[in-house]
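Student: I would like to learn how to read a protein model feature by feature. Could we take one and work through it?

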Amino acid sequence: AYHVVVAENVDSTAVLDGFIIRQGLADGSGTAEMGRGGGVYISYGSPALTHVTIANNSAATFCGGVYNSYGAVTMTDVTISNNSAATFCGGVCNYEGAVTMTDVTISNNSANYGDGGGVYNSYGAVTMTNVTISNNSATYGGGGGVYNSSGAVTMTDVTISNNSAGTFGDGGGVWNNGNMTMTDVTISNNSTGTFGDGGGVWNNGNMTMTDVTIANNSAANYGDGGGVYNSYGAVTMTNVTISNNSATYGGGVNNYEGAVTMTNVTISNNSATYDGGGMYNYSSNNVKLINVLFFQNRATSKGGGIYNKDSSPLDWRNVSIVANEATEGGGYYSEGLSYPTFKNSLFAGNSGGDCVGTIDPGSLHNLIQDPSNTCGLQDGQNGNIIGRDARLVMTDDSTGIYRLVADSPALDAGDDSVCPTE
């Protein structure tokens with residue numbers, strides 16, 4: 001057999017409801033299409049799949065579960081599990097088509113010698129609502145959970161967990177070089193193999209995250225960016241938590257010559273084998289931090305909270321760097337030509353020095369508690385407070401939520417004009 005179900009040139013009146021599709025084998029004999037979509041093969045069609053299970057199918061080339069080429073497919077209450085492909089796309093493959101998923105589970109699928117263990121999207125559009133993508137693998141490729149190549153993916157209320165990318169494969173949970181929007185998404189417990197970057201997320205495109213949690217992901221085996229690795233891409237984060245991730249460089253976030261904007265973000269309890277426990281920023285001035293907390297991140301070598309190299313971003317304000325640790329620069333460490341501008345920011349209780357290296361001498365209204373490691377700022381200049389106890393009281397040790405006691409020198413010491421409007 002080639003495919004269990006074939007939908008070619010059908011319209012939206014074609015509905016598959018209440019079926020189990022299993023044991024399909026697109027063995028690749030004959031035309032190329034015969035090696036794609038062991039369970040379901042769709043070409044230029046617009047079918048609806050409702051209350052369907054697609055399981056234990058396989059393909060000699062692309063996509064063991066569902067293959068869609070130039071079609072517009074709707075999936076509601078669908079389970080796609082234990083499917084495999086010899087090369088790309090274990091679960092769902094969308095090529096220049098459109099797929100809408102609602103209440104869908106994609107689990108335990110595998111791409112044995114390529115990318116996209118769970119979902120593979122190339123030049124198409126995928127919309128996911130209330131979708132779980134778990135325990136999928138790209139054995140020798142990237143995007144263990146989701147792989148998006150030059151397409152558009154929109155996720156709302158999605159969980160991406162326990163997926164893996166193989167040796168040299170990037171993006172244990174998500175790989176993106178197209179456009180991706182995430183809202184109310186959890187990305188957890190994903191991993192890359194040896195030399196793979198981006199345990200949770202690898203990005204080379206445009207990505208927007210709102211109300212997202214990225215936790216317990218790993219790129220620790222010679223890989224960088226345990227939570228997020230951004231390579232020449234653009235990432236905007238709002239109300240995001242990045243915690244308990246690990247990597248060789250950049251336990252929480254590794255930004256390599258990309259653009260990153262963070263607003264209301266917590267980066268905590270991440271670890272790096274070498275530098276940048278919380279964040280590693282390399283050769284990028286286009287990084288904006290507003291209301292960002294770096295708490296209890298660890299680096300064996302430099303920059304427990306932040307490691308910054310050859311980068312001079314202009315807008316780091318209302319940043320708290322508290323209780324991080326490293327051999328050098330527990331809070332912040334810089335190398336090369338690095339002069340970021342801090343405003344209304346606080347450095348306190350970091351092991352290995354609060355601020356080691358350089359920042360913009362014009363930085364304003366900051367408190368650096370450690371008098372020996374101040375990145376060259378002087379007490380009383382530009383409203384900076386140096387060498388005084390910040391007088392913090394932790395209200396939640398696990399998340400780094402703290403308050404200032406009544407006699408803290410940081411109270412009312414900021415510049416209101418640079419405070420966020422919300």
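Student: What percentage of the 422 residues of the protein count as buried?

Tutor: Keep in mind that this is a predicted model. Of its 422 residues, 55% count as buried. The protein exposes about 15,200 Å², and carbon and sulfur atoms supply 45% of that area.

Student: How many helices and how many strands are there in the protein?

Tutor: The protein has 45 strands and zero helices. Its radius of gyration is 24 Å, close to the 22 Å that the globule rule gives for 422 residues, so the protein is as compact as a globular protein of that length. Along the principal axes, the C-alpha atoms fill a box of roughly 75 × 40 × 30 Å.

Student: What share of the contacts with a separation of 6 or more comes from residues 24 or more positions apart?

Tutor: Such pairs account for 75% of those contacts. Thr-132 lies in strand E15, residues 125-134. Leaving aside neighbours within four places in sequence, Thr-132 is in contact with Val-104, Thr-105, Ile-106 and Thr-159.

Student: Is Thr-132 buried, partly exposed or exposed, and why?

Tutor: Thr-132 counts as partly exposed because its relative accessibility is 29%, and that class runs between the 20% and 50% cut-offs. For a sense of distance, Thr-132 and Gly-172 are 40 residues apart in sequence, and their C-alpha atoms are 15 Å apart in space.

Student: Which residues make the nonpolar surface patch?

Tutor: Phe-168, Phe-195 and Tyr-222 make a nonpolar patch of about 390 Å². Tyr-222 sits in strand E25, which covers residues 218-224. Tyr-222 counts as exposed because its relative accessibility is 56%, and the class begins over 50%.

Student: Next, charged pairs. How many salt bridges does the structure hold?

Tutor: The general idea is that side chains of opposite charge can pair when their charged atoms come close. This structure holds three salt bridges. In one of them, Lys-302 pairs with Glu-335, and the closest N and O atoms are 3.0 Å apart. That pair links distant parts of the chain: Lys-302 belongs to strand E34 (residues 298-302) and Glu-335 to strand E38 (residues 332-335), 33 residues apart.

Student: Which of these two, Lys-302 or Glu-335, is buried and which is partly exposed?

Tutor: Lys-302 is buried, with a relative accessible area of 18%. Glu-335 is partly exposed, at 22%. The two values fall in separate classes because buried means under 20%.

Student: With which residue does Asp-315 form a salt bridge?

Tutor: Asp-315 forms a salt bridge with Arg-317, with 2.7 Å between the closest N and O atoms. Asp-315 is buried, with a relative accessible area of 16%. Arg-317 also counts as buried, at 17% relative accessibility.

Student: Where in the chain do Arg-391 and Asp-407 lie?

Tutor: The side chains of Arg-391 and Asp-407 meet in a salt bridge of 3.0 Å, N to O. Arg-391 is in the loop between strand E43 (385-386) and strand E44 (392-396), while Asp-407 is in the segment after strand E45 (401-404). Arg-391 is partly exposed, with a relative accessible area of 37%.

Key:
Residues numbered from 1 in each chain as written. Predicted model: local features only at pLDDT ≥ 70, side-chain atom pairs only at ≥ 80, totals over all residues. Heavy atoms only, no water. Helix = DSSP H or I, 4+ residues; strand = E, 2+ residues; numbered from the N terminus. Buried < 20%, exposed > 50% of the residue type's maximum accessible area, 1.4 Å probe, protein only. Contact = heavy atoms within 4.5 Å. Patch = residues over 30% accessible without salt bridge, like charges linked within 9 Å, V, L, I, M, F, W, Y side chains within 5 Å. Areas by Shrake-Rupley, 256 points an atom, 1.4 Å probe, with all protein chains shown as cover. Salt bridge = Lys/Arg side-chain N within 4 Å of Asp/Glu carboxyl O. Rg over C-alpha atoms; globule rule 2.2 N^0.38 Å.
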